[in-house]
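Hi,

Here is the model I promised to pass on.

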Amino acid sequence: MTETIEQTAAERYRARPLTRVQRLRRLLHRHPGISPTVVLLGSVISFWLINDRFLLPANLSLILQQVAIIGALAVGQTMIVLTAGIDLSVGAIMIFVTMVMGTLAGELGVPGVLAFVVGAAVGAAAGLVNGILVAYVKLPPFIVTLGTLGVFTALALLMSGGRSIRGDVLGSFLTWTATPVGLGPFNLTVGVLLVLLMYAGVAFALSQTSWGRHVYAVGNDPAAARLAGIRVRAVLLSVYVSAGVVFAFAAWVLIGRVGAATTNSAVDANLDSITAVVIGGTSLFGGRGRVLGTLLGALIVGVFRNGLALARVDVLWQTFAIGVLIIAAVSLDQWIRRTGAQR
Amino acid sequence: MNDTSMATDAPRLSARGLVKTYGPVVAIDGVDLDLYPGEVLAVIGDNGAGKSTLIKCLTGAEIPDVGTLKVEGRSVHFRNPQDAQAAGIETVYQQLALAPALDIASNIFLGRERRRPGLVGKVTRGLDHRAMREFAEAKISELGIQTLQDITQLVETLSGGQRQAVAVARAIAFGSRVVVLDEPTAALGVRETAQVLDVIRRLREQDVSVILISHNMPNVFDVADRIHVQRLGRRAAVVTPETHTPADAVAIMTGAAPGDSGDGGEEGALP
Ligand SMILES: Nc1ncnc2c1ncn2[C@@H]1O[C@H](COP(=O)(O)OP(=O)(O)OP(=O)(O)O)[C@@H](O)[C@H]1O
Ligand SMILES: [Mg+2]
């Protein structure tokens with residue numbers, strides 16, 4: 001018997017020879033972590049080819065330190081974007097908390113640990129304000145945080161009166177995040193490790209706990225989540241409050257990095273944190289994405305800024321490049337997602 | 001089912017004078033409902049007759065403007081669906097209420113995820129993915145939806161009927177006292193519909209009460225013990241398959257025959 005097994009039309013279609021591009025697209029769709037990783041590696045290699053100092057451990061360490069602030073803010077931003085929200089006030093909350101900690105420790109002589117605890121509480125309270133306005137008053141997150149961006153910025157400026165508080169009066173605890181940590185040839189800081197720890201913690205909470213599931217469900221479809229028995233408003237509130245605490249940790253890292261409590265630092269941190277989230281593949285419509293993608297996104301932004309600076313590209317052109325990068329990353333993401341149904 | 005045993009039991013779920021309005025629209029207008037232990041109560045009515053609104057008021061999805069609700073004789077006020085779930089009432093809503101970007105197992109356990117056993121689960125609060133998957137698989141196969149092959153498939157990639165099966169599996173898995181199904185078979189095939197009806201009968205054997213909303217008269221008359229006919233926001237009648245034919249029920253439903261809410265032997269059970 002030499003009877004050949006008949007294929008159905010669909011089986012023939014599926015067995016059709018795929019072009020390389022199709023195969024690649026399918027692979028990228030199945031493993032959403034690949035494309036940001038490839039972009040990261042690609043940009044690292046390109047910048048290394050332009051300037052071989054780029055890959056020196058000292059420079060890579062510097063990138064990590066530079067990216068720590070944006071990275072820390074982006075952790076909280078990811079949680080909020082997953083609920084289909086957006087937070088324009090992340091940088092303002094961080095600066096405000098910085099000034100609270102700095103004023104308490106540097107001017108009122110409060111012990112550093114206590115100043116940090118009060119700062120974290122202020123961060124949580126700021127998140128609570130955003131959360132109540134979003135979850136209970138039901139205003140759009142964009143409007144709420146546009147408003148609180150102004151409010152928290154003004155509070156920080158009023159508090160500082162235009163002065164910076166130097167690191168040497170802040171005490172050892174608040175500047176502890178600047179402490180160098182040698183890892184082989186790399187020269188990291190406590191702050192960098194702290195940020196990596198936050199990523200690990202939030203990644204676990206989002207993917208391995210029921211709270212994480214609820215965050216995704218609320219971002220997906222709040223009405224459905226409510227009918228499924230999820231306390232939607234409580235979940236939203238918890239997200240904004242914990243993001244506020246994350247921003248307080250970012251403030252701590254910032255004090256270490258700048259070596260002072262000042263309102264003049266990290267001015268474009270707001271938009272950069274959103275950039276990191278978007279490049280990392282999290283959907284602004286909520287319910288889709290991963291915090292580890294955001295880590296890659298933040299690294300990509302850091303690598304671009306640093307690499308372009310090393311290549312002596314003007315700061316304005318750096319901003320230009322980041323802009324192009326955002327659009328390119330999102331287009332790539334869309335292109336990959338269009339294969340969604342073809343498994 | 002015989003009426004006498006039912007009349008002697010106290011209702012498991014009992015609603016009196018439920019009113020729900022949406023601005024100028026009166027969705028339900030003073031509806032009473034009694035659901036006895038281990039019975040299947042069908043709710044039928046034309047589109048817009050207030051069936052979905054009625055069950056939303058019974059399950060915490062909506063708060064009635066007026067009216068009282070009792071579970072096992074005790075007054076309750078459900079503020080949200082969890083309150084009803086805590087009272088052992090599970091619901092498949094007409095719009096299904098699934099999270100499209102989560103997989104089937106996650107959707108079945110949405111809102112009551114299972115944690116890892118022992119100290120690990122307590123400290124880390126980590127989820128027991130394996131146990132949830134196995135349980136979800138068992139519940140899905142109970143419904144006989146063989147086209148669902150992969151429990152980790154995202155719900156947004158499922159067909160309409162498959163989604164409905166996931167929602168039904170979720171309700172029957174956790175409903176301990178009452179399972180409410182709002183048109184659970186509307187998108188299902190013939191075989192899958194038969195499976196759902198079987199599951200409803202099995203629930204009744206396990207002393208779970210079922211409220212079934214359906215437009216399919218043969219199904220309703222096949223499985224229901226009593227039939228609540230909803231018309232223009234009011235209860236037009238309660239009939240039984242023994243005393244009425246499908247044609248009678250449709251006549252009441254459309255207003256061709258007068259309704260009588262005292263029908264079906266229900267008044268005898270009023271407290
Ligand atoms: N959220 C709402 N806002 C305004 N009106 C509503 C709302 N929900 C229901 N209604 C109105 O209430 C009435 C009853 O609706 P309901 O959904 O209970 O009908 P139904 O009997 O379930 O109909 P169907 O068989 O089509 O599912 C309708 O007139 C509907 O327009
Ligand atoms: Mg309905």
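This is a predicted model: local features need pLDDT of at least 70, side-chain atom pairs count only at pLDDT 80 or more; totals for chains, interfaces and linings use all residues.

Residues are numbered from 1 along each chain as its sequence is written, chains are lettered from A and ligands numbered from 1 in the order in which they are written, and side-chain values use heavy atoms, with hydrogens and water left out.

Chains first. Chain B brings 28 residues to the contact and chain A brings 19 (contact means heavy atoms within 4.5 Å). Between them about 2000 Å² is buried, with 55% of that from carbon and sulfur atoms; buried area is the accessible area, with a 1.4 Å probe, that two parts lose on being put together, summed over both. On the chain B side, Gln82(B), Leu110(B) and Leu127(B) supply 20% of the area buried against chain A, more than any other three residues.

Now the spaces. On a 1 Å grid over the protein atoms alone, a cavity is a set of points where a 1.4 Å probe fits but cannot get out, and a pocket is an open set with protein on both sides within 12 Å along at least five of seven lines; lining residues have an atom within 4 Å of a point. Points are joined across faces, edges and corners, and a volume is the space filled by probe spheres set on them.

The second largest pocket holds about 540 Å³. It has 28 lining residues, and Ala135(A), Lys138(A), Arg226(A), Val232(A) and Arg233(A) lie nearest its centre. Two or more lining residues each come from α6, α9, α10 and α11 of chain A and from α3 of chain B (helices are DSSP runs of H or I, at least four residues, numbered from the N terminus). The largest share, five residues, is from α11(A). By class the lining has 16 nonpolar, six polar and six charged residues; Ala, Val, Leu, Ile, Met, Phe, Trp, Tyr, Cys and Pro count as nonpolar, Asp, Glu, Lys and Arg as charged, and the others, Gly among them, as polar.

α4, α8 and α13 of chain A each give its lining at least two residues, and the classes are nine nonpolar, one polar and no charged.

Last, helix pairs. The axes of α9(A) and α11(A) come within 10 Å and cross at roughly 105 degrees (axes are lines fitted to C-alpha atoms over the stretch in contact, and angles run from 0 to 180 degrees between N-to-C directions). That makes the two helices roughly perpendicular, a word used for 65 to 115 degrees. Their contact has seven nonpolar, three polar and no charged residues.

Cheers

Notes
Angles under 35 degrees count as roughly parallel, over 145 as roughly antiparallel, 65 to 115 as roughly perpendicular and the rest as oblique.
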